[in-house]
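Subject: Structure handover

Hi,

Here is the structure I promised to pass on. Please open it alongside this note; what I found follows below.

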Amino acid sequence: QVKNKAPAEVQITAEQLLREAKERELELLPPPPQQKITDVEELNDYKLRKRKTFEDNIRKNRTVISNWIKYAQWEESLKEIQRARSIYERALDVDYRNVTLWLKYAEMEMKNRQVNHARNIWDRAITTLPRVNQFWYKYTYMEEMLGNIAGSRQVFERWMEWQPEEQAWHSYINFELRYKEVDRARTIYERYILSALLVLVHPDVKNWIKYARFEEKHSYFAHARKVYERAVEFFGEEHMDENLYVAFAKFEENQKEFERVRVIYKYALDRIPKQDAQNLFKNYTIFEKKFGDRRGIEEIIVSKRRFQYEEEVKANPHNYDAWFDYLRLVESDADAETVREVYERAIANVPPIQEKRHWKRYIYLWINYALYEELEAKAKRTRQVYQACVELIPHKKFTFAKIWLLYAQFEIRQKNLPLARRALGTSIGKCPKNKLFKGYIELELQLREFDRCRKLYEKFLEFAPENCTSWIKFAELETILGDIDRARAIYELAIGQPRLDMPEVLWKSYIDFEIEQEEYEKTRNLYRRLLQRTQHVKVWISFAQFELSAGREENLSRCRQIYEEANKAMRNCEEKEERVMLLESWRAFEEEFGTETTKERIDKLMPEKIKKRRKLQAEDGSDAGWEEYYDYIFPEDTANQPNLKLLAMAKLWKKQQQESEAAEQDPDKDIDESQS
């Protein structure tokens, strides 16, 4: 046991230990001594001991092939070829599937120039393991190096019967090309392609392209074109590959067959999906830039965008923004029938839910369709589009005033007024809306059909009696037509409604109407009636300003009287800011038109602004702290509340006390300063 567990004074790291061990070479073993053999008996003894060691290792574990290989290579180093062969044969009996064993065996025979033995081993290897390509490659290479071209060709032929991978075929072809046997190479290509047709072993596009390029390289252009055509026919439309068509087009481009190139590109672009044809588009664009005109380049761009939009609308048919972009594209480029076909496909995607928010984008497809037909085609089709649209909309749940108004405006442009009125009348009967009434009334106003306008306003006000704007517009129409009594009666009916959306606007319009007619007494009565309903400060100020601008001698006294009444009425008002607003307006009036006495009086009525604190409560009822706010104390209210007088006197007393204390402290300061 370690008694002292305190850290040592000198600390040694692992790095130091390793460095010292390397410097002292503690782990290096001395080399074994060199053994010198001087006679035959000693050599035989050495061989016996080594062979016994190898045999013992093999006997311990027969499946470890490395032991067999080391044993055979040791015998080979002693030039004991027969013994080495025997060892390899014994090893093959143990594991004939071991590729390394066969390779080492054949390499030994080739090193020692035993060609027939090597051939025998390669034959046995490719017969036993025909799917190991390395055996075939080495065998053909050996025969070629020996100059036995016929033998090498025979080995290739045996190999091809097994339908190997494509690299084997290309090795055979390259072998024939090295010896200028072009016809034989073509025959091999034909067998290669035929195997693809019959057994579908190598149905890859690149193999067809290599065959065609082989023919093109050797100037057999007709054969190359035929290979491309056979490839297109073989793959058909189900397994189209853009690389095949790009290679075909480039071949034709090299042959200066530009029209054929264009046909190939268009044929492929019409059939290959957009996401699989990026390279095709790119090469087609480059081709048109090199050999085409501006129109051809634009066609490529339009075609590419059309593919994109087609994919988008296929993925989501209810993506109306994609339809809008698609239609804008085809309108700018395609003929009328194509545009019409796309519009029909677009409007066929009716929103699945009958809710207006889902139809807002969809309805613009119909509007754009109708406008396109009107501008580009005949009016008859436009009318059919509008009629189909209004029949499709579920008017019992919602409607679109815009489509009815556009339909009516279209009929007016066609000088068919009865149909326009019928459309708007039908819309009001099926689904009355404010926009429909306003649009219909505006149409009749433009046509100067005032009796129809009156009837429409009556229907409109029956439908929406709370709409103040409609009452005002109706009264303004009667005013323009010179029927003042009728306009006044409309205003009276309007202010008598139990519910209005903007009553203040209606009353202001009525008052302005009476002022325009210079009916000042009726205006005063209107103000009095309005003040019976509301005591809002703005009504009082407006009343006072009206009296000021009435244009009579007693207007100042009337105006001042209104301010007096307003001040008395608003003494009990909780909103003190409104009362302050009234007094400020009154003071501005007195400063401009009043005397010194009236000015002093209004100054005495102005409130004092003070800061106060109040307690805040949170939503759960707990304390939320204190809040400071400004309040107004009016002199009139102070006179009626003795508590406020007492509070003011207390504040004054406190102020006097503070001043007296400050005066007592000042003489002491003067004495100290004189002593210093």
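A residue counts as buried when its relative accessible area is under 20%. L280 has a relative accessible area of 0%, so L280 is buried. Bear in mind that this is a predicted model.

**L280 and its surroundings**

L280 sits in helix α15, which covers residues 278–291. Which residues does L280 contact, once neighbours within four places in sequence are left aside? They are E242, Y245, V246, Y265, A268, L269 and I272. D241 is 39 residues from L280 in sequence. In space, the C-alpha atoms of L280 and D241 are 9.7 Å apart.

**Cores**

L280 also belongs to the largest nonpolar core, which has 75 residues. F135, Y228, L244, Y245 and L280 have the most contacts inside this core. Which helix gives the most to it? Helix α13, residues 242–254, contributes seven residues.

Beyond its neighbours within four places in sequence, Y245 contacts V232, M240, I264, Y267, A268, I272 and L280. A second core is separate and has 36 residues. Its members include F324, I347, W366 and I403.

**A buried glutamate**

E75 lies in helix α3, residues 65–77. Is E75 buried or exposed? Its relative accessible area is 0%, so E75 is buried. The side chain of E75 makes a polar contact of 2.8 Å with the side chain of R51. Not counting residues up to four places away in sequence, E75 touches R51, E80, R83, A84 and I87.

**A nonpolar surface patch**

V10, I12 and L17 form a nonpolar patch on the surface. Together, these residues have about 330 Å² of accessible area. L17 is placed in helix α1, residues 14–24.

**The whole chain**

The chain has 676 residues, and 37% of them are buried. Its secondary structure comes to 35 helices and two strands. What share of the contacts with a separation of 6 or more joins residues 24 or more positions apart? That share is 47%. The accessible surface of the chain is about 42,400 Å². Carbon and sulfur atoms account for 49% of that surface.

Best regards

Methods. Residues are numbered from 1 along each chain as its sequence is written. This is a predicted model: local features need pLDDT of at least 70, side-chain atom pairs count only at pLDDT 80 or more; totals for chains, interfaces and linings use all residues. Side-chain values use heavy atoms; hydrogens and water are left out. Patches are made of residues with over 30% relative accessible area and no salt bridge: like charges are joined within 9 Å, nonpolar side chains (Val, Leu, Ile, Met, Phe, Trp, Tyr) within 5 Å. Accessible areas come from the Shrake-Rupley method with a 1.4 Å probe; for residues, only the protein chains shown count as cover. A salt bridge is a side-chain nitrogen of Lys or Arg within 4 Å of a carboxyl oxygen of Asp or Glu. Helices (H or I, at least four residues) and strands (E, at least two) are DSSP runs, numbered from the N terminus. A nonpolar core is a set of buried Ala, Val, Leu, Ile, Met, Phe, Trp, Tyr and Cys residues joined through side-chain atoms within 4.5 Å. Buried means under 20% relative accessible area, exposed over 50%, partly exposed in between (1.4 Å probe, protein chains only). Contact means heavy atoms within 4.5 Å. A polar contact is a pair of N or O atoms within 3.5 Å; within protein, one must be able to donate a hydrogen and the other to accept it, and residues adjacent in sequence count only if both atoms are side-chain atoms.
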